[in-house]
Amino acid sequence: VEVLLVTSNTTRRFIVPKGWPMKSKTGREAAAQEAFEEAGVRGEASEKPFGAYAYWKRLSGAFVKVNVKVFMLSVDEVLSDWEEQGKRARAWLSPADAASLIDEPELAARVLSLADRPPAG
């Protein structure tokens with residue numbers, strides 16, 4: 001199992017691709033769309049969330065608490081050019097390495113649990 005992280009637009013720290021809910025899209029569809037836009041990957045998102053976590057997002061003039069549902073994505077295609085390529089870096093990492101770079105403790109723990117999963121196949 002590999003974990004795909006991207007850098008955030010503002011702080012440049014590593015995060016999982018994510019976004020806001022989208023009208024007319026389910027959570028899994030929105031997750032796949034965000035992975036495509038932010039990281040240049042296409043694939044099938046899991047039916048159910050892998051987990052969830054909360055974090056404080058900085059908006060202009062305020063912080064808001066955001067609850068995020070995380071969907072696993074079985075990646076079929078990795079694009080060499082993608083929409084947010086100039087804004088973000090992406091990295092494929094082992095679960096342990098990815099967890100060490102993630103600031104949100106709940107998310108880091110979930111990512112680290114991937115190390116115990118048997119390989120897909």
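Is Arg12 buried, exposed or partly exposed? In the predicted model, Arg12 is partly exposed, its relative accessible area being 43%. The residue sits in the loop that connects β1 with β2 (14–15). Its phi is positive, at about 65°, although Arg12 is not a glycine. Ser24 belongs to the loop between β2 and α1 (27–39). With a relative accessibility of 79%, Ser24 is classed as exposed, because the threshold for that class is over 50%.

The chain as a whole comprises three helices and seven strands. Read from the N terminus, the order of elements is β-β-α-β-β-β-β-β-α-α. The radius of gyration is 14 Å, close to the 14 Å given by the globule rule for 121 residues, so the chain is as compact as a globular protein of that length. The C-alpha trace extends over about 45 × 30 × 30 Å along its principal axes. Of the contacts between residues at least 6 apart in sequence, 58% link residues at least 24 apart.

Buried residues account for 35% of the 121 residues. The accessible surface of the chain amounts to about 7700 Å², and carbon and sulfur atoms contribute 52% of this area.

The largest nonpolar core contains 18 residues. Within this core, the residues with the most contacts are Leu5, Tyr53, Leu107 and Val111. At least two core residues come from each of β1 (3–7), β4 (51–59), β5 (62–70), β7 (90–93), α2 (95–101) and α3 (105–113). For Val111, the contacts beyond four places in sequence are with Val3, Phe50, Pro95, Ala98, Ala99 and Ile102. A separate second core is made up of six residues, among them Val6, Ile15, Ala39 and Val41.

Leu73 is located in strand β6 and is partly exposed, with a relative accessible area of 24%. When residues up to four places away in sequence are excluded, Leu73 is in contact with Ala32, Ala35, Val41, Gly43, Glu44 and Ala45. One of these partners, Glu44, is 29 residues from Leu73 in sequence, and the C-alpha atoms of the pair are 5.5 Å apart. Another partner of Leu73, Val41, is a member of the second core.

Leu79 lies in the loop between β6 (73–78) and β7. Its relative accessibility is 15%, so Leu79 counts as buried. With the same exclusion of residues up to four places away in sequence, Leu79 touches Phe36, Gly40, Arg42 and Arg90. Leu79 and Arg42 are 37 residues apart along the chain, with a C-alpha separation of 8.1 Å.

Notes. Residues are numbered from 1 along each chain as its sequence is written. This is a predicted model: local features need pLDDT of at least 70, side-chain atom pairs count only at pLDDT 80 or more; totals for chains, interfaces and linings use all residues. Side-chain values use heavy atoms; hydrogens and water are left out. Helices (H or I, at least four residues) and strands (E, at least two) are DSSP runs, numbered from the N terminus. The radius of gyration is taken over C-alpha atoms; the globule rule is 2.2 Å times the number of residues to the power 0.38. Buried means under 20% relative accessible area, exposed over 50%, partly exposed in between (1.4 Å probe, protein chains only). Contact means heavy atoms within 4.5 Å. Accessible areas come from the Shrake-Rupley method with a 1.4 Å probe; for residues, only the protein chains shown count as cover. A nonpolar core is a set of buried Ala, Val, Leu, Ile, Met, Phe, Trp, Tyr and Cys residues joined through side-chain atoms within 4.5 Å.
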